[in-house]
Amino acid sequence: MNIHVNPQTSSRILGRAAAGHRLSRDEIIALYGLPADEVAQAAHEARLRQTDPETATYSIGGNIDYTNVCTVACRFCAFYRARHQEGAYTLSFDEIARQMDEIVRVGGSDVLMQGGVNPDLAFSWYLDLMRMLKRDYPQVHVDALSPEEILGLEKLTGRAAYDLLAELKDAGLDGMPGAASEILVDEVRRNAAPTRIMTGDWFRIVDAAQSLHLQIAWVGMVTGFGETLGQRVEHLLALREQQERALQRYGSGFAAYKVWPARLEHTRLKNMASQQSGDEIAAEYVRNVAISRLALDNFVNHRAVWRTMGFAVATTALRSGANDLCGTGSINAINATIVAAGKHLPDPNQALLIEVRRCIEDAGFVPALRDPYYNVLARDERKTEAMAARNDGN
Ligand code: SF4
């Protein structure tokens, strides 16, 4: 879609956006037609006004993918396996405990636990899991079970999401990821993943969680499913509206937003895989980060993703509206990242933390370790002076 915006309108939209005014649908669409550097600069100004201008945050945590058995079988998913397919697995509680031990060992404050929709796991299995985690790892914040998994449990038990989530919360669940959002427009979902949870159910389950004061750790947009720019904006507006509703009614909304491009090369949607060059994908990603900051004025925290985009692009994202760098993530991903970088360090977790902090410093901010609620636990004071001097020179 070619979008033409006259210079006067362009500067009015960017000025309003940088100042934190709420943008209309048409104004957000116009952002896709404006020079990328100007959109990024407006998003950066908005970020500096909404969050601590000196620091960018990161966290230490881990991901545990407890099962890859899934009956939803999304066409874009390379992770899932059918029940009896080679490679299908479900972690035992002992295996989960071993991974939790490692998260605690590296100083992790949170765990993200997600898996497939596995009908062999009874609801009581999840309750027992939450109780075990709360009993043995009380210091670790547990984000678990996406709206898709909760929908699966609704179908399995015949019970409503609100009741299931209330029981899970009593057992130890602290929050949930806003995963399975991709593009929250049914037309896009039916085309790319017709068996996937639809928009109405996704918002219904998220609203139930928020009404129970379960923090939704993050929600995002995954681009590249054949969606139009108008449908991306529809997604943003629906999330902005839900954030407004949740904050007003429950005082508890989405903690953060992130965007990343779909990787479809090794999936049944490989024909839909992007033909763009790496630089084009990176440029589009950064523009989406910036537009998200400007469109979602009621989301304080916007995350840059290094695992999908690499640290150099994540640094640019931190200068284009993002204020948080996605954390250390899964132990497997940590190892893969370090090996891919050709490094052989005794402790890959420490090596990754060095990379995370460097990425933040390269963007001109002081790295600040945060907890799952975005409270700063520690900032690298040694960097403060150097960063301030550097920013003055910009
Ligand atoms: S529900 Fe999740 S695990 Fe299952 S196929 Fe879809 S994306 Fe993969």
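Reader: How do the residues of the shell around the ligand divide into nonpolar, polar and charged?
Author: The model is predicted: local features need pLDDT of at least 70 and side-chain atom pairs pLDDT 80 or more, while totals for chains, interfaces and linings use all residues. Residues are numbered from 1 along each chain as its sequence is written. Around the ligand stand C70, V72, A73, C74, C77, F79, Y80, G116, V117 and E148, each with its C-beta atom, placed from the backbone, within 6 Å of the ligand. Counting Ala, Val, Leu, Ile, Met, Phe, Trp, Tyr, Cys and Pro as nonpolar, Asp, Glu, Lys and Arg as charged, and the others, Gly among them, as polar, the shell holds eight nonpolar, one polar and one charged.

Reader: How many residues of strand β7 are buried?
Author: The protein chain has 16 helices and eleven strands, which are DSSP runs numbered from the N terminus (helices H or I, at least four residues; strands E, at least two). Of its 394 residues, 46% count as buried, that is, 20 or more other C-beta atoms, placed from the backbone, lie within 10 Å of their own. Strand β7 covers residues 257-261 and is mostly covered, with a buried count of four of its five residues.

Reader: Which residue of β7 stands opposite M221?
Author: Strand β6 covers residues 215-223 and runs parallel to β7. Five bridges join β6 and β7; strands pair if DSSP finds at least two bridges between them. Opposite M221 in this pair stands V259.

Reader: Which strands stand at the edges of the open sheet?
Author: Five strands form this sheet in the order β8-β9-β1-β10-β11, with mixed pairing. Two of them, at residues 303-304 and 376-379, each have a single partner strand, so one side of each lacks a neighbour in the sheet. These edge strands are β8 and β11.

Reader: Which residue takes a positive phi in the hairpin of β10 and β11?
Author: Strand β10 covers residues 366-370 and is joined to β11 by three bridges, the two running antiparallel. In this pair R370 stands opposite V376. Five residues lie between the strands, and the one with a phi near 70 degrees is Y374.

How values were computed:
Buried ≥ 20, exposed ≤ 12 C-beta atoms within 10 Å, placed from the backbone.
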